[in-house]
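Look over the sequence and the model before starting.

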Amino acid sequence: MFDFERLPILETERLRLEPLLAGDADDLFPIMGDPEVMAYWDLPEVDDPDLVATIVQSQVDAMAAGRALYWAMRTLDGGAFLGSCDLSEIDLWHRRAEVGFMLGREAWGQGYALEAMTTVVAFAASGGIRKLTARTHLGNRRSEALLQKLGFTEEGLLRGHILRAGERRDCRLFGLLP
């Protein structure tokens, strides 16, 4: 299982996934402020750096409590911040977790999310996770395609699952048995 006392650093051919730190909120703020990046998220673009700092701190706290692992996604060559990815909702009893990712628009279409998530899925499996889920907002074809490349299959539709700006949104649920 996972050692939450020593958070893992994962490396791929082009990326270094480092445990998310409170200071990473500064790098995440412009990504979360981009309406195109946030079009299919549970919340709209964020124009308040303090809110991003609060979100990141809650993720850091979840790691300290052993409920999740969040990584800052950086290039090996130069350490440029590209986004974040996670293994959250970790349920060690049932050996399941949820995965997620957020990538800055300038890094789209270069295979970074696939590379990072391939490593996260393998890490989860090596840690004893036997069921992974992921959720996308209806219409998020890019994320759906990435999940399918990772071997996830659609398991259902969550009708009205998210309330965003006063409007209910449907989500697709994907699953993988690694």
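Q: Across which strands does helix α1 lie, and at about what angle does α1 run to β4?
A: The model is a predicted one. Helix α1 covers residues 25-32. Its direction is about 100° to β4, and the strands that α1 lies across are β3, β4 and β5.

Q: What angle does the direction of α3 make with that of β4?
A: α3 packs on the sheet. The strands touched by α3 are β1, β2, β3, β4, β5, β6 and β8. With the direction of β4, that of α3 makes about 30°.

Q: Which strands stand at the edges of the sheet?
A: The sheet is open, has eight strands and shows mixed pairing. Its order is β1-β2-β3-β4-β5-β6-β8-β7. An edge strand has a single partner, so one of its sides is left without a neighbour in the sheet. The two edge strands are β1 (10-11) and β7 (153-164).

Q: Which element gives the most residues to the largest nonpolar core?
A: This core holds 34 residues. W71, C85, L87, V120, L132 and F152 touch the most other members. Elements that give two or more residues include β3 (69-75), β4 (81-91) and α3 (112-126). The top contributor, with eight residues, is α3.

Q: Is E144 buried or exposed?
A: E144 lies in helix α4. Beyond four places in sequence, E144 is in contact with T136, H137, G139, R172 and F174. The cut-off for buried is under 20% relative accessible area. E144 has 8%, so E144 is buried.

Q: What is the phi of E89, near which value?
A: E89 is placed in strand β4. E89 is exposed, with a relative accessible area of 60%. Most residues other than glycine have a negative phi. For E89 the phi is positive, near 50°.

Q: Where does R95 lie?
A: Phi of R95 is positive, near 55°, in a residue other than glycine. R95 is partly exposed, with a relative accessible area of 38%. Its place is the loop between β4 and β5.

How values were computed. Residues numbered from 1 in each chain as written. Predicted model: local features only at pLDDT ≥ 70, side-chain atom pairs only at ≥ 80, totals over all residues. Heavy atoms only, no water. Core = buried A, V, L, I, M, F, W, Y, C linked by side-chain atoms within 4.5 Å. Buried < 20%, exposed > 50% of the residue type's maximum accessible area, 1.4 Å probe, protein only. Helix = DSSP H or I, 4+ residues; strand = E, 2+ residues; numbered from the N terminus. Contact = heavy atoms within 4.5 Å. Pairing = 2+ DSSP bridges. Axes fitted to C-alpha atoms, helices over the stretch in contact; angles between N-to-C directions.
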